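This report goes through one structure, from its aromatic contacts out to the whole chain. Please look at the sequence and the model first.

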Amino acid sequence: MKARNVAIVVTAAVALYLVLLAGRAVALLKTGEPVAVLLGAGVLVLPLLGAWMLWTTWRSGNRIQRLARRLEAEGGLPDVSDLPRRPSGRVDREAADAWFDERRAELEQEPDDWRRWYRLAYAYDIAGDRKRARATMHKAVELEAREAGAADGAS
């Protein structure tokens, strides 16, 4: 099953759970009892927060997919197929670190290129630093949006 299909199924399950939770919150609010109303208001925050989290996660994923499609069309997607791997399938740590150093050096040459930020985010990911990978990918998305906005403005 493709990762996107799994994400859709999980999202649907979470959305169903959020709807059911909101139903419980509304039922508590309708009782009119002060404690139940307070509890219902508190419970209602959870589905609202969950819906916001689902929205931002999907929006981010779609933006990253757009960048990946652009890079693929340009022939610039990162390729780590030749890097040595551990028995678990993960890239060997020393090889990942060396590959990361190459991507960082590329970025230093052109720090405003979203493509280089994308590849650096990928390097962080294969090195196992998910927090920096997300932050770096956010920067790539931001730069690409700025570039696309400038191109639209120039048209």
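W99 is buried, at 8% relative accessible area. Buried means under 20% relative accessible area, exposed over 50%, and partly exposed in between, with a 1.4 Å probe and protein chains only. The model is predicted: local features need pLDDT of at least 70, side-chain atom pairs count only at pLDDT 80 or more, and totals for chains, interfaces and linings use all residues. Residues are numbered from 1 along each chain as its sequence is written, and side-chain values use heavy atoms, with hydrogens and water left out.

The charged end of R103 sits over the ring of W99, 4.4 Å from the ring centre. The criterion is NZ of Lys or CZ of Arg within 6 Å of the ring centre and within 35 degrees of the ring normal. K139 does this at W117: its charged end sits over that ring, 5.7 Å from the centre.

## Aromatic pairs

How many aromatic pairs does a search of the whole structure find? It finds two. Rings of Phe, Tyr and Trp (its six-membered ring) pair if their centres lie within 6.5 Å; planes under 30 degrees apart count as stacked, over 60 as edge-to-face, the rest as tilted.

W99 and Y122 have ring centres 6.1 Å apart and planes at 70°, so this pair is edge-to-face. W99 lies in helix α3 (residues 93-109) and Y122 in helix α4 (residues 114-126), so the pair ties together parts 23 residues apart in sequence. Helices here are DSSP runs (H or I, at least four residues), strands are E runs of at least two, and both are numbered from the N terminus. Y122 is partly exposed, at 28% relative accessibility.

F100 and Y124 form a tilted pair, 4.7 Å centre to centre with 55° between the planes. F100 lies in α3 and Y124 in α4, so this pair ties together parts 24 residues apart in sequence. Both F100 and Y124 are buried.

## Helix α4

α4 has 13 residues. It reaches 19 Å from first C-alpha to last, close to the 18 Å expected at 1.5 Å a residue. The expected span is 1.5 Å times one less than the number of residues. Eleven of the 13 residues are buried, so α4 is largely enclosed by the rest of the structure. Among them are W114, R115, W117, L120 and I126.

At the start of α4, a side-chain oxygen of D113 comes within 3.1 Å of the backbone nitrogen of R115. After α4 comes G128, with a positive phi near 90°.

α1 (residues 3-30) has 28 residues. Its span is 40 Å, close to the 40 Å expected. The buried residues of α1 are T11, L18, L21 and A25. What covers them includes α2 (34-74). Just after α1, G32 takes a positive phi of about 85°.

G89 is in the loop between α2 and α3. G89 is partly exposed, with 36% relative accessible area. Its C-alpha is 25 Å from that of L67, 22 residues away along the chain.

## The whole chain

The protein chain has five helices and zero strands. Its radius of gyration is 21 Å, whereas a compact globule of 155 residues would be near 15 Å. The radius is taken over C-alpha atoms, and the globule rule is 2.2 Å times the number of residues to the power 0.38. The C-alpha atoms fill a box of roughly 65 × 50 × 25 Å along the principal axes.

Of the 155 residues, 29% count as buried. Among contacts (heavy atoms within 4.5 Å) between residues at least 6 apart in sequence, 52% join residues at least 24 apart.

Terms used: A polar contact is a pair of N or O atoms within 3.5 Å; within protein, one must be able to donate a hydrogen and the other to accept it, and residues adjacent in sequence count only if both atoms are side-chain atoms.
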